[in-house]
Amino acid sequence: MNPKVAIIMGSLSDWEYLKEAHNLLKEFGVECDVRVVSAHRTPEVMYEFAKSARDNGIEVIIAGAGGAAHLPGMTASLTTLPVIGVPVPSKHLSGVDSLYSIVQMPAGVPVATVGIGNGVNAGLLALRILSVKYPHIAQKLEDYRKSLQEKVERMNQELKNQTT
């Protein structure tokens, strides 16, 4: 089975935040291509990856980056595929710099951006995008949504038990 989602990151240290997206996609049975693609250290590799992603069967790209965080935006500038940016927490600015770098894209180059370090939401957004085309993913997402509701119901029951 060919990967439908690519998860790219500027550095291996970003994996800590992106593996949550990978784990969720795996849980849903979605194959991923995972790799380090640095916008600054390997721009030619980034260019080739982004330009060939659609031809390689990729349907959604999740791109995580910290600091200057150019990888999601530069990737989005080279493809018409949906790109989801994950701002990675940085040492000095806690990821706010990454968030601003990713979310403030100029008109014409959209990057869907999730919260700082939120690989889970990046994975869920990728699944929602894929669910438009794949009904089995839509059904799994509905089951997932129901499991979240059940979790809240259990928390309320636990809270009720603790307060009575």
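A69 sits in the loop between β3 and α3, and its phi is near 50°, which is a positive value in a residue other than glycine.

Before going on, a bit of housekeeping. What you're looking at is a predicted model, where local features need pLDDT of at least 70, side-chain atom pairs count only at pLDDT 80 or more, and totals for chains, interfaces and linings use all residues. Numbering runs from 1 along each chain as its sequence is written, and side-chain values use heavy atoms, with hydrogens and water left out.

Now the overview. The protein has 6 helices and 5 strands; those are DSSP runs, H or I over at least four residues for helices and E over at least two for strands, numbered from the N terminus. Along the sequence the pattern goes β-α-β-α-β-α-β-α-β-α-α. The C-alpha atoms fill a box of roughly 60 × 40 × 30 Å along the principal axes. There are 164 residues, and 41% of them count as buried. If you take contacts (heavy atoms within 4.5 Å) between residues at least 6 apart in sequence, 68% of them join residues at least 24 apart.

So what's inside? The largest nonpolar core has 23 residues. By nonpolar core I mean a set of buried Ala, Val, Leu, Ile, Met, Phe, Trp, Tyr and Cys residues joined through side-chain atoms within 4.5 Å. The members that touch the most others are V5, I7, L25, V30, I62 and L127. At least two residues each come from β1 (5–9), α1, β3 (60–66), β4 (83–88), α5 and α6 (135–163). Helix α5 gives the largest share, 5 residues. There's also a second, separate core, with 21 residues, including V37, A50, A63 and L78.

Let me zoom in on I62. What is I62 in contact with, leaving aside neighbours within four places in sequence? The partners include V5, I7, L18, L25, I84, V86, A122 and A126.

Next, helix packing, and α5 is in both pairs I'll show. Helix α1 (residues 15–27) and helix α5 (residues 119–131) have axes that come within 7 Å and cross at roughly 40°. Axes here are lines fitted to C-alpha atoms, for helices over the stretch in contact, and angles run from 0 to 180 degrees between N-to-C directions. Under 35 degrees would be roughly parallel, over 145 roughly antiparallel, 65 to 115 roughly perpendicular, and the rest is oblique. α1 and α5 are therefore oblique to each other.

On the α1 side, Y17, E20, A21, L24 and L25 meet G119, V120, G123, L124, A126 and L127 of α5. By class, that contact has 8 nonpolar, 2 polar and 1 charged residues. For the classes, Ala, Val, Leu, Ile, Met, Phe, Trp, Tyr, Cys and Pro are nonpolar, Asp, Glu, Lys and Arg are charged, and the others, Gly among them, are polar.

The other pair is α5 with α6, packed at about 135° with axes 8 Å apart. That angle makes α5 oblique to α6. Here V120, L124, L127, R128, L130 and S131 in α5 meet P135, I137, A138, L141 and Y144 in α6. This contact has 9 nonpolar, 1 polar and 1 charged residues.

Over to α2 (residues 43–52): M46, F49, A50 and S52 are buried there. The buried residues of α2 pack against β1, β2 (32–36), β3 and α3 (71–77).

L99 lies in helix α4 (residues 96–103), and L99 is partly exposed, at 24% relative accessible area. Not counting residues up to four places away, L99 touches P87, T113, V114 and I116. L99 and V88 are 11 residues apart in sequence, with their C-alpha atoms 7.9 Å apart.

Conventions:
Buried < 20%, exposed > 50% of the residue type's maximum accessible area, 1.4 Å probe, protein only.
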